[in-house]
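Thanks for coming. I have one structure to go through today, so please look at it while I talk.

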Amino acid sequence: MKETTFIHRLLMMAAALLVISCSSEETQAQEQNSETMSQKMYITIDGKAFPVQLVDNSATQTLVAALQDGDITYEASDYGGFEKVGALGRSLPTSNTQITTQAGDVILYSGNQIVLFYGSNSWSYTRLGRMEYSTQSELEAFLKAGQGNVTVTLSLSSTTAISEVSADKPSSSKAYTLQGTLAQAGQKGIIIENGKKIIK
């Protein structure tokens with residue numbers, strides 16, 4: 001009788017643990033599905049931009065709000081043979097957890113430094129997002145891994161401005177705004193016409 005009761009209790013405990021495990025997996029799946037922002041950020045180095053899928057937390061919300069006022073540019077350098085790190089010039093709210101990073105991760109360190117990983121490291125960080133790229137070699141070339149300092153620009157658009165427009169035909173007299181739209185007749189401001197900036 002005692003043995004039957006013990007087995008019954010053991011089966012009940014196993015069933016309870018199974019329910020808790022399934023519930024935990026469901027919660028984690030829901031968190032993973034809702035953790036990304038619809039807003040993407042772009043990282044530009046030497047004229048080339050990589051999109052970043054941002055996670056949704058207080059740090060990324062604060063960063064996106066700052067980027068709505070304008071791009072942020074900073075200097076980043078190699079560290080440890082696995083990352084480019086640089087001071088953002090401002091502080092963001094942290095929600096640090098122990099993370100083992102992967103190549104492509106964009107991380108907030110110490111509240112005011114952005115870390116762009118081309119390798120892996122384990123530390124207490126706040127995750128910001130992940131760069132979208134094709135291959136490891138493409139990522140390393142983009143970040144100029146191991147090649148010293150780079151100038152990094154963070155923005156909410158992959159193109160910040162138009163510096164030059166080449167006309168399809170030399171005789172073309174079409175004019176464009178800095179945003180790349182066709183300028184209207186009599187439009188005032190900086191206009192790009194035949195590849196040259198003109199102030200009207």
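**Rings, a core and one aspartate**

At 4% relative accessibility, Y125 counts as buried. I start with this tyrosine and will return to it. Keep in mind that what you see is a predicted model.

First, the chain as a whole. The protein chain has 200 residues, and 32% of them count as buried. Its secondary structure consists of 3 helices and 12 strands. Take the contacts with a separation of 6 or more: residues 24 or more positions apart account for 55% of them.

Now back to the rings. How many aromatic pairs does a search of the whole structure find? The search finds 5. In one of these, the ring centres of F50 and F142 are 3.9 Å apart and the planes are at 5 degrees, so the pair is stacked. The cut-off for stacked is under 30 degrees. F50 belongs to strand β2, residues 48-55, while F142 sits in helix α3, residues 136-143, so this pair ties together parts that are 92 residues apart in sequence. Both F50 and F142 are buried.

The ring of Y125 pairs with that of F117. Here the centres lie 5.8 Å apart and the planes are at 70 degrees, so this pair is edge-to-face. For edge-to-face, the planes have to be over 60 degrees apart. F117 is buried as well, with a relative accessible area of 0%. Which residues do ring pairs link into a cluster? They are Y79, F82, Y109, F117 and Y125.

Several of these names come up again at the largest pocket. Its lining consists of Y79, F82, E83, V85, Y109, Q113, V115, N121, W123 and Y125. The space in this pocket is about 180 Å³. Three strands, β4 (83-87), β7 (113-117) and β8 (122-131), each supply at least two residues of the lining.

As background, nonpolar side chains tend to be buried together in soluble globular proteins. In this model, the largest nonpolar core has 31 residues, and those touching the most other members are I43, L116, M131, V152 and L154. Helix α2, residues 58-67, gives the most to this core, with 5 residues. Apart from this core lies another, of 7 residues, and Y125 is among them, along with V85, I99 and V115.

To see what L154 touches, leave out residues up to four places away in sequence. The list is then M41, Y42, I43, L67, D71, I72, Y74 and L88.

Last, one aspartate. D78 is found in strand β3, residues 72-79. Is D78 buried or partly exposed? At 24% relative accessibility, D78 counts as partly exposed, because buried means under 20%.

Where does the side chain of D78 reach? One polar atom of this side chain lies 2.8 Å from the backbone nitrogen of G146. The side chain of D78 also reaches the backbone nitrogen of G148, at 2.9 Å. Not counting residues up to four places away in sequence, D78 touches E83, K84, Y118, K144, A145, G146, Q147 and G148. D78 and V150 are 72 residues apart in sequence, and their C-alpha atoms are 9.0 Å apart in space.

That is the end of my list.

Technical notes: Residues are numbered from 1 along each chain as its sequence is written. This is a predicted model: local features need pLDDT of at least 70, side-chain atom pairs count only at pLDDT 80 or more; totals for chains, interfaces and linings use all residues. Side-chain values use heavy atoms; hydrogens and water are left out. Rings of Phe, Tyr and Trp (its six-membered ring) pair if their centres lie within 6.5 Å; planes under 30 degrees apart count as stacked, over 60 as edge-to-face and the rest as tilted. Helices (H or I, at least four residues) and strands (E, at least two) are DSSP runs, numbered from the N terminus. Buried means under 20% relative accessible area, exposed over 50%, partly exposed in between (1.4 Å probe, protein chains only). Contact means heavy atoms within 4.5 Å. A polar contact is a pair of N or O atoms within 3.5 Å; within protein, one must be able to donate a hydrogen and the other to accept it, and residues adjacent in sequence count only if both atoms are side-chain atoms. A nonpolar core is a set of buried Ala, Val, Leu, Ile, Met, Phe, Trp, Tyr and Cys residues joined through side-chain atoms within 4.5 Å. On a 1 Å grid over the protein atoms alone, a cavity is a set of points where a 1.4 Å probe fits but cannot get out, and a pocket is an open set with protein on both sides within 12 Å along at least five of seven lines; lining residues have an atom within 4 Å of a point. Grid points are joined across faces, edges and corners, and a volume is the space filled by probe spheres set on the points.
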